[in-house]
Amino acid sequence: MLSRIARNIYELGQQIERAENIARILDVNRRMSLEQGYFSELDVWSPMLAITRSREAFDTVYDEVTEQNVMAFLIADTEHPYSIRFCLNEAREMARTVRERISEEMWLYLNRMYHDIQLPGKTDRHDAFLIDIRQFCSAFHGLVDNTMSHGESWNFLRLGVGLERAQMTTRILEIKYHLLLPSADEIGKPLDYHQWQALLRSVSGYEAYRRQYRARIDPAMVLRLLNLDPRFPRSVHFSIKQVSRALKSIGTVNKTQYMLLRETEYFLNDLRGGAALEQMQTMGLKDYLESVQERCDRIAEMIDLSFFNSVTVTLTDANRNLISVQIPQQQQV
Amino acid sequence: MKSIFSSSGAAPFDEAYASTEDIRALYQQAFRYFDVLGIDGVESLQHSADLSMLNQGVTFTVYSDARGTEKIFPFDLMPRIITAADWNVVEAGVVQRMQALNLFLEDVYHEQKILKDGIVPTAQVMMSSLFCREMSGLNPPGGIHVHIGGIDLIRNASGDFHVLEDNLRVPSGVSYVIENRWVMGRVQSKLLNQYKVRPVDHYPQMLFNSLISLSNRDNPNVAVLTPGIFNSAYFEHSFLANQMGAELVEGQDLLVDRDVVYMKTTKGLQRVDVIYLRIDTDFLDPLAFRPDSMLGVPGIMNAYRAGNVVLANAPGNGVADDKALYAYTPEIIRYYLNQEPILPIIPTYLGSREADLRFMLGNLAELVVKPTDASGGYGILVGSHATKKELADFRVALAANPDHYIAQPIQQLSTHPTWVEQDGNKGFFPRHVDLRPYAVCDVNGDVKVLPGGLTRVALRQGSLVVNSSQGGGSKDTWVLYPNASEVTHA
């Protein structure tokens, strides 16, 4: 498959997943802010900007952090890479370049959604819009799995989705350390409990948690579910497993691709065995999440290098032997 | 019941009316069908057709718009119907032109006999900015230069098809021919079934067969080279690649290593044997043409010259579809084929000939004047529609640069009932149409014409300019089987 096409399919998956997760993040907040009546001094909107890495961009557009502004920015901004509208526009742009690789149904569905959100006023009703987006993304994944041949294209799409989901799940968990409780006394109290519950719901994990760990919400168990559970589809473990499966199906034909697969397998092993759990306990939540994000970033870089941005050409060395050399592709201008 | 059709404003030759009162037998079924639907019925069908186009992404990009907005190419529900007898003439005429122009191109890039024999002035070819020096002496497979051609035809007051211009470089629009038929099949299959219409959806197969015939390697890899997603015809590039099962590539996806062209894939480099070019030759190879091109592939012309890759259409075809060369095409046909042209051309005055220029300057108001080096309907002056000042300005431009202009008497393009609003009423009113049939040519010089084509329609009342960039729309074109109940335009 053409490297450019593979990259665009990968980014298509990434953008759809990102749009969905921004919607989920905004949803945690909406649920959490329902309790805000008791603690009006609690700033729940700055953390949104922190975990979506949006603060700087936001400040260039708005003067004040308010619900209205943050929502408008993360939903409808046309330039910011962490706004839902931007993600969907990008996804549709990517889909246009790979139309011959994806199914007709996927294209029609995405294109309709794209034209739909361009309608004036469409993004103004935030709650309804966020629900629409989550439904859209879920249905899109359904189409991906049910109408697209599970070949190379599908695997690159899955690769983009899996890696983005692993990163975004850790971002959602970050909310808990950005969103400080009014005092340490509140730990384990109803507000804390309520926040964890909101977080679980936003990743569709409330039922899964209850079935596995019963009614009592224990932060350690929530972290375990969202990081290490091999069966919960939004956990880091599950997502990286998808990445690993996708990479294995795509196959490795050169050294950088092999290195990438090896890196992924190490990561997966840590999540599968006790290593990640141990790290989580010794490093503390913040450092642990950071280390997960760094590993994801490294895998993303290696994917870029091994599939999208280098070619192997044959050269003759000093002894006139043919040797294969991997060179970076020209930078896009 | 009041008819939703009106012949008010029809040209001397209308496709559907024999006279202002008389509907041609060929169209009577269609008229009945739409009259039964009524205004609301047609509007609702039109709406679902438009929506279907938008959702499918059958759109083109308008350059003048800052955001590069996507628009659908307006699609008209009333089909343009052509009898088998009329089509036979068109088909034979298109085949003849393609063959003659292929021979012409092979000649001007090799021995130049036609120039030596004085049939076409040497200056006309050699001084043309479209003459491609890099093609001199280069031997494309089978000596074929035009693999894909689109010949623009019009019917004037006489009712006969005339050639308006040849498109031998990157003729576009064939995807609309196929999409229009699909939409037709979806929204009004009933009417489609009432006529015996020849199918058009095998075009990608025709194209693919012609392209692979050009390579002598087994299972050649075919790629479609597009300038990218921002090109106005991107939809078509993607559509054709998809339908042919070929790879859609941009310049950045290709590289040339020791005169062989490769695609960069996730599994390394993969050889490319045939490239269907959808980018302008100027941008094709920065080493051979414009050095500032970011869209092209450095070294691709060397690979072509070495015979390791085939480019279709061949670069340098512009010299044969130049608007000034058009005046010589009947002679070219006689010279190479020893046949009389089947499709007549429109009398053409060349700014480069002194007598013609004098005539042009004196009769500007009765002429259509076109720059020789532009397409898409840009820079055209329609004398009868121009203001005094426009005429004066144009006269200055023409006198300053006469070689760049040609002129033709204003033609009464035929009209066809088209769904528009006229005088405050919605209905089918006559609008001017043209026809672009598409032909492909394989390595043996065998030319096949797609039975159908793009009928473009000028949606503005009285307008003669049908280009999509100038507010034109399109119609599905129905070429009937020979045994379909026939009526000739007598």
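Between chain B and chain A of this predicted model, four salt bridges are counted, a salt bridge being a side-chain nitrogen of Lys or Arg within 4 Å of a carboxyl oxygen of Asp or Glu. One such bridge joins Arg101(A) to Glu247(B), with the closest N and O atoms 2.6 Å apart. Across the interface of chain B and chain A, 13 residue pairs are also found in polar contact, both residues being at pLDDT 80 or more; a polar contact is a pair of N or O atoms within 3.5 Å, where, within protein, one must be able to donate a hydrogen and the other to accept it, and residues adjacent in sequence count only if both atoms are side-chain atoms.

The side of chain B that touches chain A draws at least two residues from each of helix H1 (25-56), helix H8 (234-244), strand S7 (247-249), strand S8 (254-257) and strand S9 (260-265) of chain B, where helices (H or I, at least four residues) and strands (E, at least two) are DSSP runs numbered from the N terminus. H8(B) gives the most to this side, with four residues. By class, the side of chain B that touches chain A holds eleven nonpolar, eight polar and eight charged residues, with Ala, Val, Leu, Ile, Met, Phe, Trp, Tyr, Cys and Pro taken as nonpolar, Asp, Glu, Lys and Arg as charged, and the others, Gly among them, as polar.

In total, 27 residues of chain B are in contact with 31 residues of chain A, contact meaning heavy atoms within 4.5 Å. The two chains bury about 2,800 Å² between them, 45% of it on carbon and sulfur atoms, where buried area is the accessible area (1.4 Å probe) that two parts lose on being put together, summed over both. In chain B, the residues that lose the most area to chain A are Asn55(B), Lys264(B) and Thr266(B), together 23% of what that side buries.

Residues are numbered from 1 along each chain as its sequence is written, while chains are lettered from A and ligands numbered from 1 in the order in which they are written. Local features need pLDDT of at least 70, side-chain atom pairs count only at pLDDT 80 or more, and totals for chains, interfaces and linings use all residues, while side-chain values use heavy atoms, with hydrogens and water left out.
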